[in-house]
Amino acid sequence: MKQSKMSGDWTSGHWTDEQLIADSYGVGPTDGHLAVCAECRARGEALTIARNTRERLASVADEVSFDFLAAQRRSIYARLARPARTAFRRLASAAAALLVISAGMLTYQEQHHPTTIPPVAQTRISDAQLVNEVAEMGQDSEPAPVAPIEELFD
């Protein structure tokens, strides 16, 4: 059964990460495996490069002045303060747009769908009056809106 490269046992034929780290510090195994195994040699070189990069960064960090760090911190604080103002502007413009849309919808609804129902005619007419009005409508052969158009052709 093959064990992981992070384990301390070496049963896969390749060095573990711990053995490669120990070799990069000069205290690892001395069996000459890195001379014949390209995979382990590449992993060891990557670990050595990472260790050297960490050491260089640590040495540079000690050389950075307090004034540089203070200026960098002020710059970061200034950038953090800017989005807060633009966020407020965005929120205010969104609220104004929502207000305008709501007012438009209410106006539209009132004009096209009145909330008050017109009152029903309060006068009651008799059946005889209704029959007379319907008969009068039936005697007019032409509707009232057509009369002005017919006058144009006479």
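1. The accessible surface of the chain is about 13300 Å², and carbon and sulfur atoms account for 62% of it. Areas were computed by the Shrake-Rupley method with a 1.4 Å probe, and for residues only the protein chains shown count as cover. This is a predicted model, in which local features need pLDDT of at least 70, side-chain atom pairs count only at pLDDT 80 or more, and totals for chains, interfaces and linings use all residues. Residues are numbered from 1 along each chain as its sequence is written, and side-chain values use heavy atoms, with hydrogens and water left out.

2. The chain has 6 helices and 0 strands (DSSP runs numbered from the N terminus: helices are H or I with at least four residues, strands E with at least two). In sequence order the pattern is α-α-α-α-α-α.

3. Of the 154 residues, 10% count as buried (under 20% relative accessible area; exposed is over 50%, partly exposed in between, with a 1.4 Å probe and protein chains only).

4. By the rule for a disulfide, a pair of cysteine sulfur atoms within 2.5 Å, the count is 0. Cys37 is in no disulfide, its nearest cysteine sulfur being that of Cys40 at 3.6 Å. Cys40 is likewise in no disulfide. Cys37 counts as buried at 10% relative accessibility, and Cys40 counts as buried at 0%.

5. Leu69 lies in helix α4, residues 66-112. Leu69 is partly exposed, with a relative accessible area of 36%.
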